[in-house]
Amino acid sequence: MQKITCKTLLYKSGVEYADYCINHIEGCSHGCRFPCYAMNMKKRCGVIKDYNDWIKPKIVENALELLDKEIPKLKHKIKVVHLCFTTDPFMYKQKEVSDLTLKIIERLNRDNIRCTVLTKGIYPKELADTEKYGRNNEYAITLVSLNKNFKKNFEPNAAPYESRIKSLKFLHDQGLKTWVSMEPYPTPNLSKQNLPEILEKIGFVDKVIFGKLNYNVQVSNFQDNSDFYNNCANIVIDFCGKYKIEHHIKYGTKRKDDRSTEKIFRKFPIKAERNPIQTPQLSI
Ligand code: SF4
């Protein structure tokens with residue numbers, strides 16, 4: 001894998017998940033075609049040339065050195081670090097990426113900085129070692145479908161859906177906090193699918209984030225997209241209410257935004273009392 005060096009690593013984040021972010025890889029072999037917002041951003045800034053350039057990730061080889069310098073200066077300000085905003089920290093079948101991500105989480109946790117992690121890859125089982133990685137991190141997968149054809153077209157090189165769910169469930173079963181990002185959720189003209197069926201698969205998680213697919217002409221072409229997303233958001237809210245899972249519906253997805261749920265990103269530990277017997281049966 002190609003290497004690059006950076007001048008800084010930890011930066012103040014604009015995402016709701018965390019106050020700081022780390023992107024220790026440039027590019028992402030998952031090659032999503034929603035389109036990928038991060039790829040478009042890097043193209044606009046002239047960092048990458050095209051899609052083929054984007055799907056060849058480059059690792060930040062001085063990431064750990066940078067953390068050693070930056071953590072002492074920032075650790076009193078940081079509440080939580082998100083991995084990652086413009087790449088995937090556990091890129092499927094990219095061991096070098098996963099190994100570096102594990103070292104970064106370990107380094108942050110050593111200074112009691114907790115992490116929230118989001119991937120379309122597979123979580124390594126090592127993360128269950130809470131002596132090494134701490135138990136206050138939150139681990140999430142993106143899951144917007146169970147349709148293999150949809151994955152082939154839109155997330156061609158990401159991990160299979162069932163494997164993502166299984167690795168997340170493993171961390172949940174070790175007592176770690178888990179969540180799911182169901183964003184960007186496709187309209188039926190992109191994938192005919194059953195939202196309750198997808199929710200049943202991830203009913204063990206602590207939080208669900210649901211959001212529409214933006215910047216895709218086919219979504220705009222779907223005549224009833226506003227009704228569709230409003231109904232989907234209601235299904236998610238009902239499901240989460242029933243199983244005492246916290247939820248947040250991304251703004252613009254429902255006809256009327258609920259700003260009160262954004263706080264689920266800010267509080268810790270997750271407060272909802274979960275009764276494992278009440279969670280839906282999983283078939284993975
Ligand atoms: S996983 Fe995320 S960063 Fe990677 S290509 Fe897909 S959308 Fe882009």
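**Exercise 1. Aromatic pairs**

Starting from the eleven aromatic pairs that the structure holds, determine how the rings of Tyr 123 and Tyr 139 are arranged.

*Solution.* The model is a predicted one, in which local features need pLDDT of at least 70 and side-chain atom pairs count only at pLDDT 80 or more, while totals for chains, interfaces and linings use all residues. Residues are numbered from 1 along each chain as its sequence is written, and side-chain values use heavy atoms, with hydrogens and water left out.

Step 1: rings of Phe, Tyr and Trp (its six-membered ring) pair if their centres lie within 6.5 Å, and planes under 30 degrees apart count as stacked, over 60 as edge-to-face and the rest as tilted. Tyr 123 and Tyr 139 lie 5.4 Å centre to centre with 70 degrees between the planes, an edge-to-face pair.

Step 2: this pair links distant parts of the chain, since Tyr 123 is in the loop between S7 and helix H5 (130–133) and Tyr 139, 16 residues apart from it, is in strand S8 (residues 138–142). Helices (H or I, at least four residues) and strands (E, at least two) are DSSP runs, numbered from the N terminus.

Step 3: with buried meaning under 20% relative accessible area, exposed over 50% and partly exposed in between (1.4 Å probe, protein chains only), Tyr 123 counts as buried at 4%, and Tyr 139 is buried at 0%.

Step 4: the rings of Phe 239 and Tyr 243 have their centres 4.9 Å apart and their planes at 55 degrees, so this pair is tilted. Both residues lie in helix H10, four residues apart, about one turn of the helix; Phe 239 is buried at 8%, and Tyr 243 is buried at 11%.

Step 5: ring pairs also link Tyr 185, Phe 210, Phe 222, Phe 228 and Tyr 229 into a cluster.

**Exercise 2. Backbone exceptions**

*Solution.* Step 1: most residues other than glycine have a negative phi, and most peptide bonds are trans.

Step 1: Lys 244 has a positive phi near 55 degrees; Lys 244 sits in the loop between helix H10 (225–243) and strand S11 (246–249) and is partly exposed, with a relative accessible area of 46%.

**Exercise 3. Pocket and cavities**

State which residues lie nearest the centre of the largest pocket, and which are closest to the centre of the largest cavity.

*Solution.* Step 1: on a 1 Å grid over the protein atoms alone, a cavity is a set of points where a 1.4 Å probe fits but cannot get out, and a pocket is an open set with protein on both sides within 12 Å along at least five of seven lines; lining residues have an atom within 4 Å of a point.

Step 1: the largest pocket holds about 1000 Å³ of space. Its lining has 35 residues, of which Tyr 37, Ala 38, Phe 85, Glu 183 and Pro 184 lie nearest the centre. The elements giving two or more residues to this lining are H1, strand S7 (114–119) and S9, and H1 supplies the largest share, four residues.

Step 2: the structure holds two cavities of 30 Å³ or more, and the largest cavity contains about 50 Å³ of space. Ten residues line the largest cavity, and the closest to its centre are Tyr 17, Thr 116, Glu 138, Lys 207 and Phe 265.

**Exercise 4. Confidence**

Decide where pLDDT stays under 50.

*Solution.* Step 1: pLDDT is the predictor's confidence in each residue, from 0 to 100; the protein averages 91, and 93% of the residues score at least 70.

Step 1: the stretch under 50 is residues 269–284, for which the model has 37 contacts (heavy atoms within 4.5 Å) beyond four places in sequence. Where pLDDT is low, the predicted coordinates should not be read in detail.

Methods
Grid points are joined across faces, edges and corners, and a volume is the space filled by probe spheres set on the points.
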